[in-house]
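Here is a short briefing to read alongside the model. Keep the sequence and the 3D view open as you go.

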Amino acid sequence: MGIADMTAVELSAAVRAGQITAVQAAEEMLACIEERDALYNCYVTVDRAGALEQAKEVQKQIEAGELTGPLAGVPVAVKDNLCTKGLRTTCASRMLGNFVPTYTAEAVTNLRKAGAVILGKTNMDEFAMGSTTETSAYGVTRNPWNREHVPGGSSGGSAAAVAAGECICALGSDTGGSIRQPAAFCGTVGMKPTYGTVSRYGLIAYGSSLDQIGPLTKDVRDCAAVLEAIASHDVKDSTSLQRQETDFMADGGCAGDAYRYSQRLSGRGIG
């Protein structure tokens, strides 16, 4: 199984076991982007130098025993309406074509704390106003299963990047279906978390009272892993919850049950 075919949990386990390195994982994903993205246009910005630098630091932390979670060393993508310090954030609009934030969205910060490596920023409907990822100022994103079809939206770049093997998992944002619909169109797992579970700090809002940041992944277990990493109380977001239960990967929980069921359906069967 190649790196691009692994789930986040599988890849992180391999990195932490020393079978591959975080740098090798990042390099393979960057190679996949270079090879495939002309076909699908999943990314607005690819941060090759930044991703490799992050991967080197993550590898050091893994070897020092400082990173032990299920996302350590995993290359991920981030929707281009989530602010990233020092890396342009366009909302797929020419209006923000040169906007480089001075701060990072809390959800992205939490991903980095978990050891994820940010590859770049994914395409979307401009300012998240759409459901096909055809309204981007940086071109239409194509569905990897059929390039004549749309990937859904507005998080279509994130969903298509996961489906095309151009990242292992991704973040999107959902106001009225902008994660869930492209997940369905691209054959990935996506969810809109309960309001307040994930901080909205650093998200350039479409409908602030409805927007939520959430995962787009290959399977349910990865979805739980990403949600567990990005969920946190944040004093910078007045609607953030002080949620007590955030162990979404627990075997006894609904994520564990859903993962086991999905594996039986896919033929990878576990007990």
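Lys121 forms a salt bridge with Asp80, and their closest N and O atoms are 3.3 Å apart (a salt bridge is a side-chain nitrogen of Lys or Arg within 4 Å of a carboxyl oxygen of Asp or Glu). This is a predicted model, in which local features need pLDDT of at least 70 and side-chain atom pairs count only at pLDDT 80 or more, while totals for chains, interfaces and linings use all residues. Residues are numbered from 1 along each chain as its sequence is written, and side-chain values use heavy atoms, with hydrogens and water left out.

**Salt bridges**

- The structure holds five salt bridges.
- Helices (H or I, at least four residues) and strands (E, at least two) are DSSP runs, numbered from the N terminus.
- Lys121 is buried at 0% relative accessible area, and Asp80 is buried at 0% as well. Here buried means under 20% relative accessible area, exposed over 50%, and partly exposed in between (1.4 Å probe, protein chains only).
- Lys236 forms a salt bridge with Glu106, with the closest N and O atoms 3.0 Å apart. Lys236 lies in the loop between α7 and α8 (254-266) and Glu106 in helix α4, so this pair ties together parts that are 130 residues apart in sequence.
- Lys236 is partly exposed at 42%, whereas Glu106 is buried at 12%.
- Glu106, Asp234 and Lys236 are linked in a network of salt bridges.
- Arg180 forms a salt bridge with Asp174, the closest N and O atoms being 2.9 Å apart. Arg180 is partly exposed at 40%, but Asp174 is buried at 0%.

**Helix α4 and its surroundings**

- The axes of α4 (residues 106-113) and α7 (residues 220-230) come within 8 Å and cross at roughly 110 degrees. That makes α4 roughly perpendicular to α7, a label used for angles of 65 to 115 degrees.
- Axes are lines fitted to C-alpha atoms, for helices over the stretch in contact, and angles run from 0 to 180 degrees between N-to-C directions.
- Ala107, Asn110 and Leu111 in α4 meet Val226, Ala229 and Ile230 in α7, where contact means heavy atoms within 4.5 Å.
- Buried residues in α4 are Glu106, Ala107, Val108, Asn110 and Leu111. Their cover includes β2, β3, β4 (169-174), β6 (212-217) and α7.
- Just after α4, Gly115 takes a positive phi of about 95 degrees.

- Ile213 sits in strand β6 and is buried, with a relative accessible area of 0%.
- Beyond its neighbours within four places in sequence, Ile213 is in contact with residues including Ala107, Leu171, Val198 and Ile230.
- Val198 and Ile213 are 15 residues apart in sequence and 6.4 Å apart in space, C-alpha to C-alpha.

**Backbone to look at**

- Most residues other than glycine have a negative phi, and most peptide bonds are trans.
- Ala92 is not a glycine, although its phi is positive at about 60 degrees. Ala92 lies in the loop between β2 (75-79) and α4 and is buried at 0%.
- Ala128, also not a glycine, has a positive phi of about 70 degrees. Ala128 is in the loop between β3 and α5 and is buried at 5%.
- Gly153 and Ser154 are joined by a cis peptide bond, with omega about 10 degrees. Ser154 is found in the loop between β3 (117-122) and α5 (156-163).

Notes. Parallel < 35°, antiparallel > 145°, perpendicular 65-115°, else oblique.
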